[in-house]
Every structure is written in structure tokens, then in C-alpha cells.
Amino acid sequence: MKKYELKNPNFLTITDKTKNEVYYGPDQAWFTDQWRTKAGCGPTSAAFVTAYLAFTRPYLRPLYAPSKMVLEEFITHMNDLYQFVTPGLMGVNKISLFIKGVIAFASSRNIQLSSHKLDVERAPFGQREASPMIADFVADGLSSDCPISFLALSNGKEKKLQNWHWITITSAEIDNTEVIVHASDEGHEIVFDLQLWYKTTNLSGGLVYFTA
């Protein structure tokens, strides 16, 4: 299997200095508003992606206003993203809504981002063959040093995933169509079979990353 990793792993962790803890990416539970803690996975992933882009590309630095990847400052960034990637009654349940919000946020900082997406349509019986497009998309995104935001409305038979949830893919092991990914989910790293999700999910979802 070939390993695909982001080039700057030091920007994948967030430090809580008051508790002396280090998190693998952000957690929507850090929001103080009850609705945001429940429905804020979309803006949380968007905040993580834009922060990584800001620290790894000097010309994208305006995407992250704070100075460090520390919890107190990152929460400010999460709330900034929430104003653009705003969950409705059904959350941020479409890739297009997520893209629109992130592009608008970047534009508000005088940055132009381009989106790269792979939509996954619903399969009524959750029965599909493994897709080489999934493997290629993940490889392309990570090879471009871009975290990949991933929406799963149904986890299918991949029990490590939550339903109706956004997470952020940070690395992968790929062999032909087999895709084992590592992702940030609520401040922790999870590892799961992306093709198992694709083959067995009965609702839509997809993946997206951004370049400038």
C-alpha cells in the first residue's frame, strides 16, 4: 500500500494550554452555543482545513486570524467560519453548501480558493462496487498537501463513522481501490475503510478540498 500524508503534521494538532492536552484537530464541542455544539461539524472541518492552508502557504495566511494553533484562539476561528458555513435545520448536508461557505469566507479575507469535489450519490440499497475515483481523489488531495473534508450522511457498514457528520481526512494508505484513511473527528484521530463506506452507504455524501 502507498502512504499519502500531509507535509506539515505539526499544523494538525491543537493545544489546550490550560489542561496541558493536545488534540488531533478541532472538536465541535468547543463551541459554547448548544446548537453549534450539536450541528457544527461542518464549520469545524472548514476551520481545520483553512487553518492548515493558512499556516502552510504564506500567501493564504489571512485565512487564519489568530497567531497559533491553540484552543482558545482556534475557537475564535471556528466561530468566524460558522458565519459562512452555517448549519440549517438539516445541518450542512450538501457538499455545495460547504463549498459556498468556505469560498465566501476566503473571499471575505481577500483570498480566492478553488474547490475540488467528489459527490457521492445515494444508493438505495447501499450496494456499490469499490470506486477507483475515490482512491484517485484522496491521493490527489493529499498529494497537493490539502486536508480533505468528508461528509457522510449515512455511515453504511463502517461503524467508526458517525451518521450525518463532517470529518477531515489527513492521510491514507491506498492500494488499487483499497483506501484506508486517517481523519480528525472531534479532536481525535480515527482510522477507517473509505471504500467500505462508499460501497454500503445508502445516502449521499462526498469529499472536497481547496487550492488557491
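Just past helix α4, Asn110 takes up a positive phi of about 60°. That is a handy place to start with this structure, which is a predicted model. Most residues other than glycine have a negative phi. Asp145 sits in the loop between α5 (132-143) and β5, while Trp164 belongs to the loop between β5 and β6. Their surroundings can be told apart by accessible area. Asp145 has a relative accessible area of 6% and counts as buried, whereas Trp164, at 37%, is partly exposed.

Back to α4 itself. This helix covers residues 95-108, and at 1.5 Å a residue its 14 residues should span 20 Å; the C-alpha atoms at its ends are 20 Å apart, so expectation and model agree. Several of its residues are tucked away from the surface: Ile95, Phe98, Ile99, Gly101, Val102, Phe105 and Ala106 are buried. Looking down the helix axis, these buried residues of α4 fall within an arc of 165°, so they line one face of the helix.

The largest nonpolar core holds 71 residues, and Val138, Phe150, Leu194 and Leu207 have the most contacts inside it. Helix α2 supplies the largest share of this core, with 10 residues. The core also draws at least three residues from each of domain 1 (10-112) and domain 2 (115-211). In soluble globular proteins, nonpolar side chains tend to be buried together. Val138 gives a picture of the packing here: setting aside neighbours within four places in sequence, Val138 is in contact with Ile148, Ala172, Ile174, Val179, Val181, Leu194 and Leu207.

His182 is found in strand β7 (residues 178-185) and is buried, because its relative accessible area of 13% is under the 20% cut-off. What does the side chain of His182 make a polar contact with? The partner is the side chain of Glu173, at 3.0 Å. Beyond neighbours within four places in sequence, the residues in contact with His182 include Lys3, Thr168, Ile169, Thr170, Ser171, Glu189, Ile190 and Val191.

Definitions and conventions. Residues are numbered from 1 along each chain as its sequence is written. This is a predicted model: local features need pLDDT of at least 70, side-chain atom pairs count only at pLDDT 80 or more; totals for chains, interfaces and linings use all residues. Side-chain values use heavy atoms; hydrogens and water are left out. Helices (H or I, at least four residues) and strands (E, at least two) are DSSP runs, numbered from the N terminus. The expected span of a helix is 1.5 Å times one less than its number of residues. Buried means under 20% relative accessible area, exposed over 50%, partly exposed in between (1.4 Å probe, protein chains only). The arc is that of the directions from the helix axis to the C-beta atoms. A nonpolar core is a set of buried Ala, Val, Leu, Ile, Met, Phe, Trp, Tyr and Cys residues joined through side-chain atoms within 4.5 Å. Domain bounds come from an automatic or database domain assignment. Contact means heavy atoms within 4.5 Å. A polar contact is a pair of N or O atoms within 3.5 Å; within protein, one must be able to donate a hydrogen and the other to accept it, and residues adjacent in sequence count only if both atoms are side-chain atoms.
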